[in-house]
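Student: I have a new structure to look at. Can we go through some of the labels and ask what stands behind each one?

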Amino acid sequence: MIDTKALREKILDLAMRGKLVPQDPNDEPASELLKRIKAEKEELIKQKKIKRDKNETEIFRGDDNLHYEKFADGSLKMIEVPYEVPESWQWVRIRNIANIIAGGTPKTSVPEYYGGSIAWITPAEMGKKQKNMLFENPQRHITDLGLQKSSAQLVSKNSVVYSKRAPIGHINIVPFEYSTNQGCLSFESILVDSNFYYFEIKNVKADIENRASGTTFKEISATAFSDTLVILPPIAEQKRIVAVANELLAIVDKIESEQKDLKNLSTQLKKKVLDIAMQGKLVPQDPNDEPASVLLEKIRAEKQKLFEEGKLKKKDLEEITPVNAEDNAYYGKLPKTWSLTTLGNIGTWISGATPKKARKDYYQNGSIPWLKTGDLNDGYIHEIPDFITELALVETSVKIIPRNTVVIAMYGATIGKLGITTFETTSNQACCACLNVSEVDKNFLFYYLLSYRKQFIDSAFGGAQPNISKEKIVITPFVLPPVREQLRIIGSLTKFESIIHQFVQ
C-alpha cells in the first residue's frame, strides 16, 4: 500500500523548494513584496494596531552568493539556509511577514468571563481538528469582559493558529475572529497568503521543535517562533502553490480513504474465509483421511501415558463434554470425518505467574524468557524483552512453555491475542498456553482460536479489567478435522493471506 504520510510530506517538501509549480518571470519578486510588507507594517504601527518589533532583521544574499542577516544595530552575520530556492524567492524570519500574537486565560473563577461570543482556542481542542486545515465549530468561548481582563487578544480571521506546547505543532487556519489561551501562538499574516504559510509552518515543524525549551514539557516561545526561518515566494506563486498542493493532497486523502476501505474489506474477507475453514467448507474432504474420532482416542491414550509418567494430574484426564453454542449453529453440520470436542480435551492448558517484583534475584541477569500479553503478535514470537532467573523458576509458580506452543491472552484489552513460541519460555498469569497437543497442528489451533476471538471477547467478565479464565478456555468448543485435512486447511489459509497481503501492504 502507498505510504500516504510520506507522500504528503514529499508534496510539501517539493512545494517549499519551488519544485511543485513553475516560476513565472512576470510575478512580482519576493524582494518587492517584502518592501510592501515593510511599508504595511509601518502603517499598522502608526495606527497602533501592532507594536514595532525591536528584533527585526533583514536577510539578503551577498556578492559572494552567501546569505547574511542584518540586525537593527547595523551588524551583519553570515547564516546558513536549509536549501537553495528560486531566484525570485527570499529567505525571511516569520517576524518579517507576520504579527505574532500570544494568548491568555481569563480567571476561571469569574463566570462572567466565559460563555460569550469570542472563540477561545486551546491546544487540547486543536488536537481534535488536525485532520482539517480549517478550525471550525469552536467549543469554548469567552466574553468581551474576559478578553479585556486577561492577556488573551483578539486575532483577525484567516490567521494561522499554532500550539506552542502540550504538544508543539498543532496547526489550523481560523476563518473567524478568535482568541487563544497561552498554549497557542497566532500568525497574523501581512500581505502574504495564510494558506501558504499553513503549509510552510508545517514543513518546518522539526526545526521549531528542535529550538523549543523546557523540562516538564517542551515549549516554543513567541520570540523563538518569530525567529523561525521560512521562505517567501512571490505572492502570486504562493497562491498557485496552495492551489496545486490542495489538489494533490485531496488525491492523497482519497487514496488513504480507499486504502482504509480495502483494509477493512480484507479484514472482513479474512474473517469470512476463516469461518468457512472452521466449518469444513474451505477444502474438500478426503475419505482416505484418518477420521478425527481416531485422533481423539490417540489424544486420550497420550494423556493416560503422561499421567502414568507423573506428568499430568488425574483431573487432566477428565473428559469435557462439548455444548453447542447458539451463536455457532454450524457445529451440528460438520463433515463426517470431523469431531466436535473442547479445547480442554485436545491438550493441557496452563497459565503463568509473576514473580515478586521486589525480589531482584528473580529478575537481575535472568536468562529465561518471560512472556507477557503485550508480546503476543498474532504470529510467531521471535524475541521478547523480559527475562527471569532460574531461582524464580524454582521458587514461584511460573511454568516452562515449550517452543512451538500456542499462547492466548486472557486479560484486558489484549483478550484473544495469540502467539506461537519459537523458543522455550515462561509467562505471566495473563497468558494461557496449550501443551501436549500431539494430534492437532499448532497452526490449525492458532487459526481456530483466531476465528473464536470475538466470542472470547464477548464472554469476558470483570470490571476494570475484563478477562477470560483458563476454566472458560477449556470448556470452549473445538472442531477437530483429520490431521491431513488440518494441513490442507492451513495451506489454503496461508496462500489466501499471502494474496491479501499483496494488496493491503
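Student: Which residues of α16 are buried?

Tutor: This is a predicted model. In it, the buried residues of α16 are E485, Q486, I489, I490, L493, F496, I500 and V504. Buried means under 20% relative accessible area.

Student: What puts these residues on the same side of α16?

Tutor: They cover an arc of only 135° around the axis, so they sit on the same side of α16. An α-helix has 3.6 residues a turn, so residues three or four places apart point the same way.

Student: Which exposed residues does the face turned away from the buried side carry?

Tutor: That face of α16 carries K495 and Q502. Exposed means over 50% relative accessible area.

Student: What do the buried residues of α16 pack against?

Tutor: Their partners are α9 (235-277), α10 (292-308), α13 (442-451) and β22 (477-480).

Student: How do you know that the span of α16 is close to the expected one?

Tutor: Set the two values side by side. Helix α16 runs over residues 483-504, which is 22 residues. From first C-alpha to last, α16 reaches 31 Å, close to the 32 Å expected at 1.5 Å a residue.

Student: Now L248. Why is L248 called partly exposed?

Tutor: L248 lies in helix α9. Its relative accessibility is 29%. Buried needs under 20% and exposed needs over 50%. The value falls in between, so L248 counts as partly exposed.

Student: Which residues is L248 in contact with, leaving aside neighbours within four places in sequence?

Tutor: L248 is in contact with I11 and L20. The C-alpha atoms of L248 and L7 are separated by 9.7 Å, though the two residues are 241 apart along the chain.

Student: How many cavities of 30 Å³ or more are there?

Tutor: The count is two.

Student: What makes up the lining of the largest cavity?

Tutor: L34, K38, E56, T57, E58, I59 and N96 line the largest cavity. By kind, these divide into two nonpolar, two polar and three charged. Both α2 (30-46) and β1 (58-61) supply at least two residues each.

Student: Which element gives the largest share of the lining of the second largest cavity?

Tutor: β21 does, with three residues. This lining divides into five nonpolar, four polar and one charged. Among its residues are I350, K399 and C431.

Conventions: Residues are numbered from 1 along each chain as its sequence is written. This is a predicted model: local features need pLDDT of at least 70, side-chain atom pairs count only at pLDDT 80 or more; totals for chains, interfaces and linings use all residues. Side-chain values use heavy atoms; hydrogens and water are left out. Helices (H or I, at least four residues) and strands (E, at least two) are DSSP runs, numbered from the N terminus. The expected span of a helix is 1.5 Å times one less than its number of residues. Buried means under 20% relative accessible area, exposed over 50%, partly exposed in between (1.4 Å probe, protein chains only). The arc is that of the directions from the helix axis to the C-beta atoms. Contact means heavy atoms within 4.5 Å. On a 1 Å grid over the protein atoms alone, a cavity is a set of points where a 1.4 Å probe fits but cannot get out, and a pocket is an open set with protein on both sides within 12 Å along at least five of seven lines; lining residues have an atom within 4 Å of a point. Grid points are joined across faces, edges and corners, and a volume is the space filled by probe spheres set on the points. Ala, Val, Leu, Ile, Met, Phe, Trp, Tyr, Cys and Pro count as nonpolar, Asp, Glu, Lys and Arg as charged, and the others, Gly among them, as polar.
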